[in-house]
Amino acid sequence: RFFIIKESFLLYYAESEKKSFESNKYFNIHPKGVIPLGGCIVEPREEPNMPYAIKISHDDFHGNIVLAAESEFEQAQWLEMLQESGKVTWKNAQLGEAMIESLEAQGLQLAKEKQEYLDKLMEETEELCLQREQKEELERLNQVLEAEKHRFEEVVQELRLEQEQIRRELELTAHSLKGVEEEKKGLRSLTQSLQKTLEDLSLEKQQMLEMLQENESQLPPVTSPSKEQSPIWGLHCSLQQIEEKMQQLLEEKLLAEKRMKENEERSRALEEEREFYSSQSQALQNSLSELTAEKQQAERDLKAEVKVRMDLEKRLREAEEALQSLEQGLSSLDCNKEKEEKMKADVSNLRKFFEECIRNAELEAKMPVIMKNSVYIHKAA
């Protein structure tokens, strides 16, 4: 007999079928007999005149089927093939079909999840690109804030120098004003003393005039006396000296009053200058306070921006690591439960990251303009 194994059946033909099979490369579908191999026990057996025999037995068979190969090598091959084919039973076939369907379903589910992961990966990659752009914008704003901070420091330094200069000028003005006040007091006392002297001279002049009148009325006329020896002449000379002295004192008084007026005008000018410098100093002090407050606010904003940037960089690194891990998991052919859990955890982390980004964007979009300007002071500026 010529035997062929087809799946879990052993087909046998006449010996002449061997040549036809070897030449045509296909088998006849009408064998002489069919032996089902499912659940059969196949084992080697020693038979007389059959050194390479094979026994096939089953509980449903009425006897044993004994075959023989032409060599020990062929016997080993047939034994292996017959034993493997005997494993194909109806129950095993059903289990195999169920396993195939389950594997196909799992394959479809994995392909669907892989596609979903790829879609999410693309979306999250776009979000990461947007986050990188925001990071670059934050770095640019950081540089702008640094430049603004340096500018504030330079302006504050200039204002401090100007304030110091104004303080020195105020001190000089106060010193000059003090000297003018002292000179004014001296001139006032000099004027008072001159006035008193004038009054005394005027009284003395009045007395001398009275004495002169009395002498003129009492003395008889003299024919040829010398003028230098006459008492009237002496009174006239004294009177003339008093008038000259009074005229000199009047001139000194006018000069003192003129200097006093000049000092008063100078004092007023110095007072106005002091008030001007005081107002300038106060304005500079206010500007310095405002600039100091702006500098402190800029430093706080800068620290907040740096903190936000560091948090964003940390979250970006975590998201990039999760993406790399997800890409490795998707590109890997092996898929076990541990990798699946890790991929799910990565996707969950990425989802949380982008949900937080979306929530922050919504809060920023709903925030009023005034509040936004108060929070983002550099943007308002």
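Predicted model: local features only at pLDDT ≥ 70, side-chain atom pairs only at ≥ 80, totals over all residues.
Strand 4 and strand 5 form a hairpin in which two residues lie between the strands, and Asn 49 in the turn has a positive phi of about 60°. In a regular strand, side chains alternate between the two faces of the sheet.

Glu 43 counts as partly exposed because its relative accessibility is 31%, whereas Lys 55, with a relative accessible area of 16%, is buried.

Among the nonpolar residues, the largest core has 16 members, and those with the most contacts inside it are Leu 128, Leu 326, Leu 350 and Phe 353. The elements that give two or more residues to this core are helix 3 (90-218), helix 4 and helix 5 (337-366). When neighbours within four places in sequence are left aside, Phe 353 is in contact with Leu 128, Gln 131, Arg 315, Leu 316 and Ala 319. A second, separate core of eleven residues includes Phe 3, Ile 35, Ile 56 and Leu 67.

A search of the whole structure finds three aromatic pairs. One of them is formed by Phe 2 and Phe 21, which are tilted, with 5.7 Å from centre to centre and 50° between the planes. This pair links distant parts of the chain, as Phe 2 lies in strand 1 (residues 2-6) and Phe 21 in helix 1 (residues 17-24), 19 residues apart. Phe 2 counts as buried at 13% relative accessibility, while Phe 21 is partly exposed, with a relative accessible area of 27%. The rings of Phe 3 and Tyr 12 have their centres 5.9 Å apart and their planes at 45°, so this pair is tilted; Tyr 12 is partly exposed, with a relative accessible area of 24%.

The structure holds eight salt bridges. Within helix 3, the side chains of Glu 171 and Arg 167 meet in a salt bridge (2.7 Å, N to O), and because these two residues are four apart in the helix, about one helical turn separates them. Both residues belong to a network of salt bridges that links Glu 164, Arg 167, Arg 168 and Glu 171. Between helices, Arg 259 and Glu 183 meet in a salt bridge (3.0 Å, N to O), which links distant parts of the chain, with Arg 259 in helix 4 and Glu 183 in helix 3, 76 residues apart. Arg 259 is partly exposed at 39% relative accessibility, and Glu 183 is partly exposed at 31%.

Lys 253, in helix 4 (residues 231-331), is buried yet has no salt bridge, and the nearest side chain of opposite charge, that of Glu 257, is 4.2 Å away. Leaving aside neighbours within four places in sequence, Lys 253 is in contact with Thr 191, Leu 194, Gln 195 and Leu 198.

How values were computed
Residues numbered from 1 in each chain as written. Heavy atoms only, no water. Buried < 20%, exposed > 50% of the residue type's maximum accessible area, 1.4 Å probe, protein only. Lys, Arg positive; Asp, Glu negative; His and termini not counted. Salt bridge = Lys/Arg side-chain N within 4 Å of Asp/Glu carboxyl O. Contact = heavy atoms within 4.5 Å. Pairing = 2+ DSSP bridges. Core = buried A, V, L, I, M, F, W, Y, C linked by side-chain atoms within 4.5 Å. Phe/Tyr/Trp six-rings, centres within 6.5 Å; stacked < 30°, edge-to-face > 60°.
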